[in-house]
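Please open the model in your viewer and keep the selection panel at hand. The stops below say what to select next and what is there.

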Amino acid sequence: MTKAFRPDVDAPEWKGGYAPYDILKEGTIALVVVALLTIALALIFSSPDEHAVTIKSWSNATPVDFAQTALSELNGTSGTAQYGAPYNTASEGQKLGPLALAKWAGARIPVNTVRDFVIDPLRALPDQPPLTQGLATWRSASDATRTNWVAHYTKAASQMTYANGQVVVSTTNAGPVPLFINDLTMMARSGALDQALVTQHGFYTTDYTKPLLFLSDGSYLKNLAQKDHLLGTQWGMMNETGSYPGQAWLWLYTFWYQVTPFSTSANADVQVWGLMMLLSVILLFVPFIPGLRSIPRKSRVYRLIWREHYRNL
Amino acid sequence: MTTEIDRQWTTRLRRRAEGKLPPEKLLPDTQPSYVSSWIYVFGVTTMAALCMVIATGCVLAIFGPQWWHTSSVGHFVNSLHLWAVEIFFFAMVIHLWGKFFMASWRGGRTLTWMTGVVTFLASIAAGFTGYASQSNFDSQWITTQAKDGINASGAGSFFNVLNLGQMLMWHIVLLPLVAVLLTVLHVLMVRVKGVVPPFSDETTEVAR
């Protein structure tokens, strides 16, 4: 007994002719051609390698942006301070419908911006009597007093300037906060903060989570990226510096960020991620999905692919 | 009557492998006459580009992750690696669409299709971790942006794109291992089942 033939699932048995086929020769020719093409492209176009931004280069180029960012880490208004999981519990994070996936996964990479980005690095500075005194004052103050100092400084910081090697903010009742922001800026400009942020757990490191979070809280990195057409609104996810093709295969992932509702959604990241996971699963299971698996037969593109075969029928 | 040798795992495995994939299927010297289109070139091109990606990646691995920033030879090898990756994805995407329009899952080839799709997805992850491991401005920007999507999915608690060491290990060990194993499996499946035949409107019986 035979089953009914399903044209999108079953394939007819081939009863036609066979042609000579040298699989090893084909593979060798392909390898040689691809190798030559790769060498030619590398010689002609090279590859991009722009130096990494450091905290030192950032704070020397735009000291006020650095100092404002340092203040946002101290007063809890920075992107990292308000991020939520996996860095802290400051917010619930993005949600996919009712699903708070990030929150459920938990704050497994803890980052306390006050401690990790400001206080601990300042403690690492040697031979600074006023700073040592300021840190002692901070340590002995109540939370309410600290909040009050930071609030006074924040209020005046909109007029912040940088002059004669000092961060200048006209404020009173800010406790040691002006000293902290100024000394942290000096520390950053010397390069010492780059080291302090990666050596908190010892001499060796391959983990740049903290300096990268600090950098991304400021405007400097973003402004550089904008010049290199790398922002999300510039299809940046698939671009790289210069005129290189980048990750062109991410075009669909990037596309969703350009259109509504994703372009205006506060949960765009998790929504686009969820949509791409769904599309990937659909692609994987195309052979089982009626309608989708019929597209090749009904589109008749196969007539073009096998045109010689159909011509000879 | 079966002997002790017949019952051995090794004997059984060998006989099963010989039955599924005899030498004339593994290394064929003929193929059906319908296999005559430029679209078939992109499968072997993808494989050739993968060989180039691995070879150039091995050279970069030998000298370490900082080498290509400080040496002109290293920078050239990195350029080879980059362009081999670009050719790899270009060929792979065309191969994928070509196979889609051939409905190449027909005739018991579903797993061949699925291993191909998973290889494609694993390759995207491998490419991404490569961009994240460059230790330059591109990797700084890409990782600080990509973290939001990955963190929002909950995966960021375990897969920290800002951790250079973790990304490098995924890029040079785990994902290449997955991609290469899946590619080998994919190719063996193609050899076992052969290339999918053209659609035949007249056929009325299942033939596999």
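This is a predicted model: local features need pLDDT of at least 70, side-chain atom pairs count only at pLDDT 80 or more; totals for chains, interfaces and linings use all residues.

Residues are numbered from 1 along each chain as its sequence is written, and chains are lettered from A and ligands numbered from 1 in the order in which they are written.

Select chains A and B together: the contact (C-beta atoms, placed from the backbone, within 7 Å) takes 86 residues from chain A and 80 residues from chain B. On the side of chain B that touches chain A, the elements giving two or more residues include strand 1 (30-32), helix 6 (72-101) and helix 9 (164-193) of chain B, where helices (H or I, at least four residues) and strands (E, at least two) are DSSP runs numbered from the N terminus. Helix 6 of chain B provides the largest share of that side, 15 residues.

Next, select residues 18-20 of chain A, which form strand 1 of that chain and are joined by three bridges to strand 1 of chain B, the two running antiparallel. Within this pairing (at least two DSSP bridges between the strands), Pro20(A) stands opposite Thr30(B).

Finally, select helix 3 (residues 63-75) and helix 8 (residues 177-190) of chain A, whose axes (lines fitted to C-alpha atoms over the stretch in contact, with angles from 0 to 180 degrees between N-to-C directions) come within 10 Å and cross at roughly 125°. Among the residues making this contact are Phe66(A) and Leu71(A) of helix 3 of chain A, and Ile181(A) and Leu184(A) of helix 8 of chain A.

Technical notes:
Two residues are in contact if their C-beta atoms, placed from the backbone, lie within 7 Å.
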